[in-house]
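Open the model in your viewer and keep the selection tool ready. Each stop below tells you what to pick and what is there.

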Amino acid sequence: MNIKKIIQNLLLSTGLFLIASAGSAFAASTYAVTEATATVGTAQSYEIEYTIDSGLAANQQTWAEGDTLTLALPANYPEWSALTYTAEVDLDAANDGVTETQIDSGLGNGQYSTAGRTIQIKWGAVAGNWAGTTGSTVRILITAAASPTYILAPTTFTFAGTTAAADTNPSGTDTVTVSAAASTATVALSTNSVVGVAGATTITLSAVPFGLDTGDTIDITFPAYVDISALNATVPTGTFVSGGSAVFSCEDSSQTMTCTVASGTSPTSGTLIIGTTNGITTRYAGTTDITVFEMENGGVATADIAIVASATLTDGTAATSLTALAADASSVAIVGDSTGQVAVTLTFPTVLAATDTIKLTFPSNYNLATMTTPNNGVLAATIGLDNNVNVTVADQVVTITLTGAQAATLETILLEVNTITPLYADTAQNLAVLIEQNSAGAGGADVAASAANTGINTTLGVTTASAANASVTFANAVVNGEGTVTLLLSTGLDLAVSDTITMTMPAWINVPTGAILVTSENFDGVGTFTCAGVNGTSVVTCTATGAITAGSGKNIVMTATTDFTAMYAHTSTASDITDLAVNDFSNSLKDISADTSVAVTTTTVGALTGTNVEPQSLISGVESKNTISFTTSTTIPNLGKIVVTYPTGWSVAGASGRTATDLSGLDGTWTATVSGQVVTFTQTGGTASTAGAKVLALSNGIMPPSANGVSGTYTITTQIAAGTNIETNAAVTADTITGASYSGDDSSSTTTTTTTTTPATTTTPATTTTTEVTTTTTTTTTDTTEPPIEPTTVETKTGEIITLTDLPATHWAKDVVEAMVKAGVVEGNADGTFKPDSSLNRAEASALLYRIMGLEEPTAPEMTPFSDVAITEWYAGYVSELKDREVVNGNPDGTYKPASEINRAEFLTLAMNLYSYLADDTTKAEVEALKVGPQTTAYTDLDTSAWYSSTVTAATEKGFIGGKTCGEGKCFDATASITRAESTQILFNMFGKMLQVEL
């Protein structure tokens, strides 16, 4: 009970009424609602009382039979028909169950009736209770389910009626303070929580006291970061997704959205979806919740039904991508070039206002220092936006501040021309675009950002170094020539202290380690350059000691020492010096200017001194030790070569595969290969050979020409591993041949030519073809009496002494035959002869090839290997074993023709088959690669389309054969029958090392 009612009851109970003034009395009766407060939707009981004044008799209300007392409920309460209540008359004011009589419903006296929100009680005399005694009370008790439906200020209960004519009619009121229901709600933005993205808005309500009816509203005032300005244009509708039939129509007024029930009734709890149009969007990133959220009766602002004290609202987030975002800096992509303009294209995600900003952050290699404040106070058309702008530059950030509105449209921002310059080359560069809202108190909140206050990246493209236009010139272009080295180049920008110029010299230039004397330079500025070679590399670095002014046609002249020279001849004028770069020291040595292809002076071959080729024997046809000596002025690199060219007529084929001896000034192993008249010694193992005198020798394999007299000069050349010349002497002193070798037989008569037709067998790796070949053999005997042949005595590996009566010491193959007999690979005949110049037949060839394998003598085969090889023949075992190993394959008709002479092409093919059989996989692959490669041009008579051409090529490249001298060149003579000496030499060349045969 409120204070007013407490005082009234106290006065009634004591009978003490105060006189307000002379001649008038205090109110005749009291009208009271004992409950002072109520909450919308909260059911409670009410006690409503009318008490007759017990004060002065002259002012008492006197009731007569049939007089009426009425009570009208406020408009925000239900009608009487919706309530549960009772009425009573009490002879005193105390509701204590004493002297109380219930009033019944009806139209007669002493009864009550209702209509809408009004109840009428007719006065009646029943057992004296209706006498109108002062202090008696008429009481109405609402016992259940009474609750207001909205706030009504004031919420007034009104009393009225009629009494006796002389009395004052009852007239009074009492009020109840009504509060709105406390509901809860969340407002969720979906995709539209991101600036500029459309989406639905979801309102989830609970604890609403009862459903809203047509005309009722929900009012929500959104924080500034939510834009609802498009609601009136779109008029989205909302519906509850669970229960109820209400359909809402939503509009905006400033930041307040009002959704009115257009039809139906809503549930007391549920989810309201406000249409999927773009009526509600986000302006910028924000986190403020909703503080004004009201449900109102009939849309009346003061008629609140329920209030949400604080409704959680989804945080607004900045756009993390921008449509059509692109930056074009192609016109300023070269270091030092500021002649172009940078253009930035984007679609603004939302409408912007004055003071809002667009911030463009450039990577560190872009110089913005020369930018002014373009477009300040001028029309934005010059920059590409809707209104005027102010532009400021601080470090790498260009800030564009709007002075008017900017629509959410596609725009191209054009920055100032001739002011943005790349400082160094870089890749993967980005421009960061950050849009912030400063208007409407947003305080710089993000509109578009990849993270808090971080711009959205777009590619600026690659910036490239300016062309250095470099070249390097050697004043002395001869190998190992001393003199100055000049670097000529251009720089795109000024250099600062510690900036560098670096270049990687090619392998043919020897770069010194440590300081390199700078003789002169023509750069401007307070700084100079100090140059040095980087230890263990080919890099030369020149470092600025202070600021140096950019320019073209600048040079640095360095003094070349013996350590800064050409190491071998170089004929190209470009692409040899690589990675020349002018580097920005303070930015991780990024390139300012660069050249990937730097022209360099052509260098020429240096001169060897002290050159000599000294054969131990100058007798024609006699092999002997050859000593090669020379002096270099520069290093022969590791795995280098020494190339000796012998004059025409010298036989050098025997040098192939031999290892040089008597080394002086040379490290490692030097092995000879032969091509024509050229003997090439290639190093394996060891280290580089520094400048100085060199000596190496071949113990055998070189034979002077057959003609007496002065032979041509030699050539000695040093080379790197790739075959490029270092130094040379093309006129090494010639030697004079002093005598001829002896050849002939003991016959004193001339034998006429005998012509026979014999089957010649053509053997390929897979097949053997027999054709008819006519051979002519002419033996000429002169009447000159020659000295007798001194026999050759050989001790075999078994200790047996063999004398070869027809192998003179002067025969070209004497040493090889002797060594191969000693090793047990070849044998003499039973009569003590070897017949070195006699032809070899196919049976003998099989025996020679089998013995190379070092196996026990074969036994007779169980079955014949070929139709014309009887198992009882001495050679049957050899042929059978070789067939099993696919060394020999015979002829297409199943024969082998063991008695037929074997020609040079056939024998070489069988020998190479055996070589591949015995070789490891790497060597086999090497041989096969040689076969399919370019065919040899070493022989003037070789048909490169012949079946044996690839085998001849591989054997020549391996140094196994060297051909015969014919005219001014070499012949292979493929179809000629091979002699016993020739076959022995080929087997020695192929297998001598393997068999450890030493000359």
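**Confidence first**

The protein has a mean pLDDT of 83, and 87% of its residues reach 70 or more. pLDDT is the predictor's confidence in each residue, from 0 to 100. Select residues 740-786: pLDDT is below 50 here, and the model has 85 contacts for this stretch beyond near neighbours in sequence. Contact means heavy atoms within 4.5 Å. Now select residues 1-27, where pLDDT stays under 50 and the model has 32 contacts beyond four places in sequence. Where pLDDT is low, the predicted coordinates should not be read in detail.

Residues are numbered from 1 along each chain as its sequence is written. This is a predicted model, so local features need pLDDT of at least 70, side-chain atom pairs count only at pLDDT 80 or more, and totals for chains, interfaces and linings use all residues, while side-chain values use heavy atoms, with hydrogens and water left out.

**Stop: Tyr50**

Select Tyr50, in strand E3 (residues 44-51). Strands (E) are DSSP runs of at least two residues, numbered from the N terminus. Is Tyr50 buried or exposed? Tyr50 is buried, because its relative accessibility is 1%. Buried means under 20% relative accessible area (1.4 Å probe, protein chains only).

Show its contacts beyond four places in sequence: among them are Trp63, Leu69, Val138 and Phe159. Next, pick the side chains of Tyr50 and Ser29, which make a polar contact at 3.3 Å. A polar contact is a pair of N or O atoms within 3.5 Å; within protein, one must be able to donate a hydrogen and the other to accept it, and residues adjacent in sequence count only if both atoms are side-chain atoms.

**Stop: Ser147**

Move to Ser147, in the loop between strand E9 (137-146) and strand E10 (155-162). Ser147 counts as buried because its relative accessibility is 13%. Contacts beyond four places in sequence include Thr39, Asn76 and Pro78.

Methods. Helices (H or I, at least four residues) and strands (E, at least two) are DSSP runs, numbered from the N terminus. Buried means under 20% relative accessible area, exposed over 50%, partly exposed in between (1.4 Å probe, protein chains only).
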